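Please look over the sequence and the structure shown below before reading on. The report that follows takes up the surface, the cores, the aromatic pairs and the salt bridges in turn.

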Amino acid sequence: MLITKKDDGFMLVWRWLKRSLFFILVGIVTIWLDFSLPNGRIVHVVGTDVKRMSKTVDGKELTRDVYFVSADNISDGQTYVYRNEDAWLYLFKVNSADIQGRAHSLVQSQDKTPALLRYYGYRLQLFSVFPNILTLEAVDGGHQYVPYLRYLAFTLWGFVSFFVGFRWRHLIFD
């Protein structure tokens, strides 16, 4: 069978389309892992707030209370705002009132006790999205947080994506 220039052009487009889809899939999974895996900061809690949020679903107005915690990051001094809301689908977090009480007691303390704040999510100012708090614990001054679960998950994801790319390289890159 003779390969014409037309067939060669189609194969070139098909080859780049397969590569692009593979890298887009790897990028989407990487962003999802970065969003959903817990991260942490050593902070000074400086404020707490409760806001009533409402939205209309099927003509009914649903309201809920959402807790917010303001904290100064010890390493860079910037102030961050975190949402503190129950998350049933993620780690079955149902202790937002307890975390809010702990945050309020840290605000009231005179010695500005450092705290380890574990959270997941991003701060997207355009959409008013805040990272959600998972835990808040008082720690001593020299405490360092190392996100071992994130390191392990990203290492495993790197190995899996490399293995899939290597194993199926004749399908993806040819």
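A residue is called buried under 20% relative accessible area, exposed over 50%, and partly exposed in between, with a 1.4 Å probe and protein chains only. The model is a predicted one, in which local features need pLDDT of at least 70 and side-chain atom pairs count only at pLDDT 80 or more, while totals for chains, interfaces and linings use all residues. Residues are numbered from 1 along each chain as its sequence is written, and side-chain values use heavy atoms, with hydrogens and water left out.

**Surface**

Tryptophan 14 has a relative accessibility of 39% and therefore counts as partly exposed; it is found in helix α1, residues 5-36, where helices (H or I, at least four residues) and strands (E, at least two) are DSSP runs numbered from the N terminus. Together with Phe10, Met11, Leu17 and Leu21, Trp14 forms a nonpolar patch on the surface, with about 520 Å² of accessible area in total. Such a patch is made of residues with over 30% relative accessible area and no salt bridge, the nonpolar side chains (Val, Leu, Ile, Met, Phe, Trp, Tyr) being joined within 5 Å and like charges within 9 Å. Accessible areas come from the Shrake-Rupley method with a 1.4 Å probe, and for residues only the protein chains shown count as cover.

**Cores**

A nonpolar core is a set of buried Ala, Val, Leu, Ile, Met, Phe, Trp, Tyr and Cys residues joined through side-chain atoms within 4.5 Å. The largest one has 13 residues, of which Val45, Tyr82, Leu117, Ile133 and Leu136 touch the most other members. At least two residues of this core come from each of β1 (39-57), β2 (60-73), α2 (96-108), β4 (114-120) and β5 (132-138). A second, separate core has six residues, including Phe22, Val26, Leu37 and Trp157.

**Aromatic pairs**

Rings of Phe, Tyr and Trp (its six-membered ring) pair if their centres lie within 6.5 Å, and planes under 30 degrees apart count as stacked, over 60 as edge-to-face and the rest as tilted. By this rule the count comes to seven aromatic pairs. The rings of phenylalanine 35 and tyrosine 120 have centres 6.2 Å apart and planes at 85°, so this pair is edge-to-face; it links distant parts of the chain, with phenylalanine 35 in helix α1 and tyrosine 120 in strand β4, 85 residues apart. Phenylalanine 35 counts as partly exposed at 33% relative accessibility, whereas tyrosine 120 counts as buried at 10%. Phe35, Tyr120 and Tyr122 form one aromatic cluster.

**Salt bridges**

A salt bridge is a side-chain nitrogen of Lys or Arg within 4 Å of a carboxyl oxygen of Asp or Glu, and a search of the whole structure finds four of them. The table gives some of these pairs.

| Pair | Closest N and O atoms |
|---|---|
| Arginine 52 and aspartate 65 | 3.2 Å |
| Glutamate 85 and arginine 64 | 2.1 Å |
| Glutamate 85 and arginine 83 | 2.9 Å |

Salt bridges that share partners join Arg64, Arg83 and Glu85 into one network. Within it, glutamate 85 counts as buried at 16% relative accessibility, while arginine 64 is partly exposed at 39% and arginine 83 is partly exposed at 22%.
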